[in-house]
Amino acid sequence: MGEQISADSYTPRQRSVYRRRLEDELELFDRHLQEAEFVSHGTIGLELELNLVDAEMRPHANNQAVLERLGDEFQSEIGAYNVELNHPPLSIAGDGLTKLEEGLSRRLKEVSEAAEAAGSTVAMIGTLPTMTSKFLKNPAWMTPENRYAGLNNSIMDTRGELVHLNLWREERYRHNFEDIATESTCTSIQLHLQVSPARFANAWNASQAIAGVQAALSANSPLFMGHRVWHESRIPVFQQSIDTRTQELINQGVRPRVWFGERWITSVFDLFEENVRYFSPLLPEGRMQAGAPFMKGDSPGLHYLNLHNGTIWRWNRAIYDPNTELSHIRVENRLLPAGPTVKDIIADAAFYYGMVKALSEQTRPVWSRLSFEDAERNFHEGARHGLTAQMTWPTLGSIDVTKLVAKHLLPLAHEGLELLDVAPHLADEYLGIIEGRARTRQNGAMWQLNALNSIAPQSRPATKERGDALARVLRQYVANQQSGAPVHTWSLEVS
């Protein structure tokens, strides 16, 4: 999306023309799916969003100075205190997971060194516990680029009201914002899975079915603006931050732009058709203005369809890439938070890819026995309660997520990795980390909450005691992160 934006506002004529082009490209995409040959190597890849902090562990709006020292695999994010790292695609077979770990570690070292040279420290975490409402009230929170200003302006113009954040669990946070600043607090790891169009529906359905389990296992954002809230607070924060609906539209059942979805699908086309049917364009940038080609090799560029797709934030998003030879389709699994360590990220990837493969190969798939409503309910339960969540699962009913993972899903993940020809010792190593999290009931969220309780159990939000404690927790978190030890092995000692 970002490289195709040249303006920060649009006229009614531009919006009308864009809508017509969007409908034309949907028909073109349908024909392309039916007639063209697509890449089907089954490669994997990832994107990782990072936070920059200063010496006091506060967010540091310094990404331009850091990016000046880095190459094309790194880019800005909407927050001026964020940097994104991109890992190129590779095969998961054999030692692919080791190559992914080594590649991610090397790139993380590169960005960490660039940050240090620019006076910042990298914190790989879902949401900075030291973030404050005051920091986000300063316009300097945003990276000064058209794509971000345009997105902010379009969302706020469409909404027409202040952004209202309201979330609670142990404590409650409520606040109004003049823009979409809180979206920048949500830093994620995005896993890519390239599949053939014929296999896409199974891969997407499987991804949706396990979303709740993923959110619970990997929660790492329990302290939003210093408040103890959802274990994976990125989920409600992201949805509320860029919701274009007023309360009246919510009451009418208008769909949110940050969306789990509403049904199992039979084709990748279903998702793009829903995009065009249900959502108005936010960034109606014309193809010529964006400098986007009509064709890339023998594949249609689909500028309008792709740009529109980039402004509908599904937790599992379909991506069409025209490439220069054969086009390809991939699932972009977007719900995981960044961190806590590289080992934890590769373990999350191994679990995800193994589960998707195993569930996609079942003769009676889980989505034929699990209602979509239960899948969505699992997702929100996992995000809210983390490793203490209860899941609904076919034949098992309501079950503790740690028991579901340990007794039922890890064997499936092993089967899936075996089908993907992953080296057995690597499957054992990385899935062993997932087993460790379930056994100890310690992921990033639980460690942060327990660490805070260990040093300031009676502290309250927005007090100096809480603020000082949060800085100590984040400092220890970063030190533990740099050690490389998986989060389930971390002690609760905070220096």
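In this predicted model, Lys99 and Asp95 pair in a salt bridge whose closest N and O atoms lie 3.6 Å apart. Lys99 counts as partly exposed, at 47% relative accessibility, and Asp95 is likewise partly exposed, with a relative accessible area of 38%. This pair belongs to a set of 29 salt bridges found in a search of the whole structure.

A second salt bridge brings together the side chains of Arg228 and Glu171, at 2.9 Å from N to O. Here the partners come from distant parts of the chain, 57 residues apart: Arg228 sits in strand S9, and Glu171 in the loop between strands S5 and S6. Both of these residues are buried.

Glu361 and Arg199 also form a salt bridge, with 2.5 Å between the closest N and O atoms. Glu361 lies in the loop between helices H13 and H14 and Arg199 in helix H6, so this pair ties together parts that are 162 residues apart in sequence. Glu361 is partly exposed at 38% relative accessibility, as is Arg199 at 40%.

Turning to the helices, Asn306 is part of H12. A polar atom of the Asn306 side chain lies 3.2 Å from the backbone oxygen of Tyr320, and Asn306 touches residues including Phe272 and Pro322. In helix H1, which holds Gln14, this residue is partly exposed at 29% relative accessibility and is in contact with Ser9 and Pro284. Helix H8, finally, is mostly covered, with six of its eight residues buried, among them Ile235, Val237 and Phe238.

How values were computed
Residues are numbered from 1 along each chain as its sequence is written. This is a predicted model: local features need pLDDT of at least 70, side-chain atom pairs count only at pLDDT 80 or more; totals for chains, interfaces and linings use all residues. Side-chain values use heavy atoms; hydrogens and water are left out. Buried means under 20% relative accessible area, exposed over 50%, partly exposed in between (1.4 Å probe, protein chains only). Helices (H or I, at least four residues) and strands (E, at least two) are DSSP runs, numbered from the N terminus. A polar contact is a pair of N or O atoms within 3.5 Å; within protein, one must be able to donate a hydrogen and the other to accept it, and residues adjacent in sequence count only if both atoms are side-chain atoms. Contact means heavy atoms within 4.5 Å. A salt bridge is a side-chain nitrogen of Lys or Arg within 4 Å of a carboxyl oxygen of Asp or Glu. Lists of a residue's contacts leave out its neighbours within four places in sequence.
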